[in-house]
Amino acid sequence: MIASPFSEHVSFVCLGSVPEGLDIYREEALILSPKAVSKRRTEFKTGRVAAHRAVQRLTGQPSPPILKGQRGEPLWPDHLVGSIAHTDGIAMAAVAFQAVLKGIGVDFELKDRRFSTAISDRVCTDAEKLWVNEDAQESAQRFLTVFSAKESFYKAYTTCYRAEPAFTDVLLCVVEGQRFTIKTLNEHTVPSRTLEGLFVGYKWLDGYVVTFMEIPADDAGS
Ligand SMILES: CC(C)(COP(=O)(O)OP(=O)(O)OC[C@H]1O[C@@H](n2cnc3c(N)ncnc32)[C@H](O)[C@@H]1OP(=O)(O)O)[C@@H](O)C(=O)NCCC(=O)NCCS
């Protein structure tokens with residue numbers, strides 16, 4: 001399975017299936033639409049079981065049900081913050097104490113996922129396209145990395161700020177160490193003061209592009 005890309009503050013669990021004997025809570029199962037297809041049911045369940053494990057590892061206590069907020073976001077137990085992602089039968093959950101982090105985002109994509117040019121135009125700014133297209137051999141993977149990094153950013157940022165940024169509201173600039181710094185292109189939805197010192201990390205692992213983000217609590221470390 002995929003190793004944790006996060007700092008030591010984050011409890012990270014990645015599962016390829018639901019271990020035998022484990023199940024989700026009835027309240028969680030009720031979140032799913034009765035029309036949900038089997039793939040969605042399996043990924044939802046694997047994501048919730050990964051989240052329960054991540055909570056238990058962090059707190060030493062069994063996780064209560066993790067329900068869903070108005071924007072689709074997971075509702076974490078008191079004092080915790082986290083993020084869930086699933087693709088291709090694999091699920092990841094990342095959880096931390098709110099005293100340390102006020103937002104977490106995780107996302108991953110299959111390396112061979114392909115998008116149309118119309119979608120890449122909606123996701124990337126012109127400056128990001130320069131980086132994506134700089135290396136023809138890597139360009140599909142670079143595009144996926146920008147896409148996934150923006151999904152990770154979205155998950156972390158909406159949790160903290162209740163904002164719903166669009167893909168072209170931020171500009172990702174690649175820097176040393178497989179990181180993007182984040183610049184705002186829309187002060188209204190993403191004020192620049194909220195981005196100071198933040199980055200989205202990325203890793204290219206066997207078959208996957210993984211991206212991740214941590215937003216420190218305001219008084220963390222003071
Ligand atoms: C919500 C969203 C980020 C989910 O990403 P995805 O690639 O479709 O799916 P993933 O498997 O990676 O993640 C799904 C999980 O994200 C979580 N999620 C859903 N909505 C969320 C939100 N508003 N905030 C945080 N997490 C959310 C849920 O836990 C969900 O799994 P679950 O329904 O089983 O609980 C995506 O569908 C979306 O709406 N994006 C908005 C547009 C965007 O990304 N803009 C970028 C701006 S820079």
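How many Å separate the centres of domain 1 and domain 2, taken over C-alpha atoms? The answer is 24 Å, and the views below start from there.

This is a predicted model, in which local features need pLDDT of at least 70, side-chain atom pairs count only at pLDDT 80 or more, and totals for chains, interfaces and linings use all residues. Residues are numbered from 1 along each chain as its sequence is written.

**View 1. Domain 1 meets domain 2.** The domain assignment gives domain 1 as 11-98 and domain 2 as 109-216; such bounds come from an automatic or database domain assignment. Six residues of domain 1 are in contact with six residues of domain 2 (contact: C-beta atoms, placed from the backbone, within 7 Å). On the side of domain 1 that touches domain 2, one residue is nonpolar, two are polar and three are charged. In these classes, Ala, Val, Leu, Ile, Met, Phe, Trp, Tyr, Cys and Pro count as nonpolar, Asp, Glu, Lys and Arg as charged, and the others, Gly among them, as polar.

**View 2. The sheet of β1, β5 and β4.** Here three strands form an open sheet in the order β1-β5-β4, with antiparallel pairing. Helices (H or I, at least four residues) and strands (E, at least two) are DSSP runs, numbered from the N terminus, and two strands pair if DSSP finds at least two bridges between them. β1 (11-15) and β4 (80-87) each have a single partner strand, so one side of each of these edge strands is left without a neighbour in the sheet. Neighbouring strands are turned by 10° against each other on average, direction ignored. Look for the five bridges that join β1 to β5 (residues 90-97), and for Leu15, which stands opposite Ala91 in β5.

**View 3. Helix α2 on its sheet.** Helix α2 (residues 38-59) packs on the sheet of β1, β5 and β4 and touches each of these strands. The direction of α2 makes about 30° with that of β5 (axes are lines fitted to C-alpha atoms, for helices over the stretch in contact, and angles run from 0 to 180 degrees between N-to-C directions). How far apart are the end C-alpha atoms of α2? They are 32 Å apart, which agrees with the 32 Å that 22 residues should span at 1.5 Å a residue; the expected span is 1.5 Å times one less than the number of residues. Just after α2, Gly60 takes a positive phi of about 80°.

**View 4. The shell around the ligand.** Of the 23 residues around the ligand, Arg71, Gly72, Glu73, Ile84 and Ala85 come nearest (a residue is near a molecule if its C-beta atom, placed from the backbone, lies within 6 Å of it). Elements giving two or more residues to this shell are α2, β4 and α5 (139-161). Which of them gives the most? That is α5, with seven residues. The shell has ten nonpolar, six polar and seven charged residues, and at least three residues come from each of domain 1 and domain 2.

View 5. Six bridges join β7 (residues 170-175) to β8 (residues 179-184), and Val170 stands opposite Thr184. Three residues lie between the strands of this hairpin, where Gly177 takes a positive phi near 80°. β8 is joined to β9 (residues 199-205) by three bridges; Arg179 stands opposite Gly201, and Phe180 opposite Val200. Gly201 also has Phe212 in β10 as a bridge partner. The hairpin of β9 and β10 has two residues between its strands, and Gly207 in the turn has a positive phi of about 80°.

**View 6. Helix α4 against α5.** The axes of α4 (residues 126-133) and α5 come within 8 Å and cross at roughly 140°. Glu128, Trp131, Val132 and Asn133 in α4 meet Ser139, Arg142, Phe143 and Val146 in α5. The residues of this contact divide into four nonpolar, two polar and two charged.

Technical notes. Two residues are in contact if their C-beta atoms, placed from the backbone, lie within 7 Å.
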